[in-house]
Amino acid sequence: MVPVSAYLILAAVLFGIGTIGVLITRNMIVLFMAIELMLNAANLALIAFSRAFNLVDGHVIVFLVLTIAAAEAAVGLALIVMVYRNRETINIDRFNVMKW
Amino acid sequence: MADYLFLIPLLPLIGFLVNGLLIGRLSRPLISLVACGSVALSFLLSIAAFFELRALAPEAREITQVLCGWISADLFHVNVAFLLDPLSAVMILTVTGVGLLIHVYSVGYMAHDKGYGRYFAYLNLFMFAMLTLVLADNFLLLFVGWEGVGLCSYLLIGFWYEKKSASDAGNKAFIVNRIGDFGFLIGVFIIFWNVGSLDFVAVSRLAPEVFVAGGGLITAACLLLFLGAIGKSAQIPLYVWLPDAMEGPTPVSALIHAATMVTAGVYMLARTNALFILAPGALLVVAVIGAVTALFAASIGLAQNDIKRVLAYSTVSQLGYMFLACGVAAFTAGIFHLMTHAFFKALLFLGAGSVIHAISSQQDMRFMGGLKKHLPITFPTMFIATLTITGIPFLSGFFSKDEILWKAFSSSVNGAWYLWVIGFVTAGLTAFYMFRLVYLTFYGEERMDTETRHHIHESPKSMTVPLMVLAVLSIVGGYVGLPHIFGVTNFFEEWLHPVMSGPSHEAARQALAAGGHSAAMEWTLMFASVALVLGAIYLAYYFYRKNTAAATSLAERLSWAKTTLVNKYYVDELYGAVVVRPTVYFSLFLWKIFDVIIIDGTLNGLARLWRDVSDALRHSQSGQLRGYATIFAVGVVLMIAYFILG
């Protein structure tokens, strides 16, 4: 049997990769993918705990998160399409008009 | 009973509202009708009130009409209430009667002024305030009227506000009066603190029980009240505003600065006589200030060339007489002189106004002369007023002034020979400066320029009729208060007796009667003052009519005295150096140093500090999403580290 800690370490590593992805990428779509990675890292941690304690709560929350992630992806991608139509770029660093 | 009492002040207020709110929309005849009509109705109601009061038994002559509650807080209760008693009856009759005549006169005098509606609105407002003052049944309502008349005085002195000197004079009157009002208020506080009431009737009744007669507290309270009277009634040291107040239109000088408002101080003293009688020390101060003011102002009047200023100093001097009377506890004599003075001084001012009107607004007597034949009504009426004020026997001024002089000599309270001497000398000076005025104005050669000389005209009917009415009043007004030695009843004294008699006052009256002063003494003093007055008139005749060269040479020999008098003893200059200029410098310090540097500096400095700090910090708001995310991530890591390691 694989210990819980192994799942958690995997989740932490995935979360870290996602975070670094968010921080270093300029491409909005890549940034979006990095966020998905972070969400799924969190899902993995939830399922690991759920199994370790033999409870279904974690599974329920994971389904919730998956649903919301799907909706969020739809809205987010739609936004990116609109942004591209307007500015012809999806470089996040170009969107800095809201400053001092 | 006398349910219409509240209408007496209210009617002029309505007149003020109509004329004031519809300013510039009413025709001149309509303005005059509203203004004069409202005062005329007040006058008729005052007469009715007088007769209603007279029908009562002397002890019952006290009608209070409570209109509504005003302030009610714990122990402090004040009503808006009017009190009709013999004293206020005399006052409302005088105020509305003289006021009505002056309103009518103003119709002619102000006929060509562009501020016609404004003028009558102010005048009606003044009548309202003055009637509130004399009818008030408590100190607070009296104070409302007191401030109201002060306001109207300010507005009317500065009526021709385009003229700098007029608006300055208005400010001076207002500011000088503040000093007196401050004292008056503190005096009222002391009375309320000790008596627990502000109603005149209650205070008069309770005062002998609450205060120790002659004690420090009552003396302080009375002196503070008197300070208010000094300001309002232009006594030393606060008289300086009254001569400058002559910048206002002449009917205003007649109504406010001669007949009514300036006598408010005398009225207030008479109203609170039950308090003053408990403080002989304060009364002595009143008597001395009154006497000294009478002499001082009369001496300045000797050397003034502006016809209205002579009359202004004369007013200050006559007010001094009234305070002298109050100071020797002869409040009745003071009120009597107040009434006769209202008649003859209003007449003098209106006559002077008629003269000024006739010769194209010239006020300097050096450019008058010979007007006797041109002004067939103004001259005789003004001459009657002059005879009255100088105290020629059997005219009203004679009776009232003589009573004051006699009381100053004989009263058991503070009566003294030196007070009589001051009053006596003042009577001589009065006769001299008044006849100087008459000779310079009406006799001799015509010293105005030819252009003016062609335009000399007698005033219209609306102006001459009030003059004639006032002349009649000046002659007969004194017969209500004939002296006892004539062997007749003094109606005026009988009438005011219920108001003037507290228990302590009764004792004073008896002491006065039993003072050991004989009728022979009174006759002697009376003849002495008449002789002095006649002598002074002859002197004026000699210097200004018969031998004008003598006047010039005397003036040269006594040039130092003349310069001092012409410059009014340099009192204005003294006040300027001692009070006004230090105040100006202190204000400059407060403005330039304290306000601009300290207060503004602190506030602006704080504001600048925050602005600079924010300026430095706001650049962290870069708009770079990745930057924000980095800070966010670092923050989360730090927090987790804190919880795990800490």
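1. Helix H17 of chain B is mostly covered: 15 of its 15 residues are buried. Buried means 20 or more other C-beta atoms within 10 Å of a residue's own; exposed means 12 or fewer, partly exposed lies in between, and C-beta atoms are placed from the backbone. The helix takes in residues 396–410. At 1.5 Å a residue, its 15 residues should span 21 Å, and the end C-alpha atoms are 21 Å apart, which agrees. The expected span is 1.5 Å times one less than the number of residues. Helices here are DSSP runs of H or I with at least four residues, strands are runs of E with at least two, and both are numbered from the N terminus.

2. A word on the source. This is a predicted model, where local features need pLDDT of at least 70 and side-chain atom pairs count only at pLDDT 80 or more, while totals for chains, interfaces and linings use all residues. Residues are numbered from 1 along each chain as its sequence is written, and chains are lettered from A and ligands numbered from 1 in the order in which they are written.

3. Now chain B as a whole. It has 27 helices and two strands. Its C-alpha trace spans about 120 × 65 × 55 Å along the principal axes. Of its 646 residues, 50% are buried. Among contacts in chain B with a separation of 6 or more, 81% join residues 24 or more positions apart. A contact means that two C-beta atoms, placed from the backbone, lie within 7 Å.

4. Next, the cores. The largest nonpolar core has 207 residues. Such a core is a set of buried Ala, Val, Leu, Ile, Met, Phe, Trp, Tyr and Cys residues joined through C-beta atoms within 7 Å. Those with the most contacts inside it are B:Phe126, B:Met130, B:Leu324, B:Ala346 and B:Leu347. Helix H15 of chain B (residues 331–358) gives the largest share, 17 residues. Apart from this core lies another, of five residues, among them A:Val22, A:Leu31, A:Phe32 and A:Ala34.

5. Look at B:Ala346 in detail. Leaving aside residues up to four places away in sequence, B:Ala346 touches B:Val98, B:Ile102, B:Ala254, B:Ala258, B:Ala259 and B:Leu470.

6. Helices H8 (residues 216–232) and H11 (residues 264–271) of chain B pack together. Their axes come within 7 Å and cross at roughly 155 degrees. Axes are lines fitted to C-alpha atoms, for helices over the stretch in contact, and angles run from 0 to 180 degrees between N-to-C directions. H8(B) and H11(B) are therefore roughly antiparallel. That label applies to angles over 145 degrees; under 35 is roughly parallel, 65 to 115 roughly perpendicular, and the rest oblique. From H8(B), B:Leu225, B:Gly228, B:Ala229, B:Ile230 and B:Lys232 meet B:Ala264, B:Gly265, B:Met268 and B:Leu269 of H11(B). The residues of this contact divide into six nonpolar, two polar and one charged. Ala, Val, Leu, Ile, Met, Phe, Trp, Tyr, Cys and Pro count as nonpolar, Asp, Glu, Lys and Arg as charged, and the others, Gly among them, as polar.

7. H11(B) is largely enclosed by the rest of the structure, because eight of its eight residues are buried. B:Tyr267 and B:Arg271 are among them.

8. Then the two chains. 11 residues of chain B are in contact with 11 residues of chain A. On the chain B side they divide into three nonpolar, six polar and two charged. A:Thr19, A:Val22 and A:Leu23 make the contact from H1(A), with B:Arg626, B:Ala629, B:Thr630 and B:Ala633 from H27(B). The residues of that contact divide into four nonpolar, two polar and one charged.

9. Some backbone points to check. Most residues other than glycine have a negative phi, and most peptide bonds are trans. A cis peptide bond joins B:Ile236 and B:Pro237, with omega about 5 degrees. B:Pro237 sits in the loop between H8 and H9 (241–244) of chain B. A:Asn54 has a positive phi, near 60 degrees, and lies in the loop between H2 (28–53) and H3 (57–87) of chain A. With 6 C-beta neighbours inside 10 Å, A:Asn54 counts as exposed. B:Ala329 also has a positive phi, near 65 degrees, but counts as buried, with 29 such neighbours inside 10 Å.
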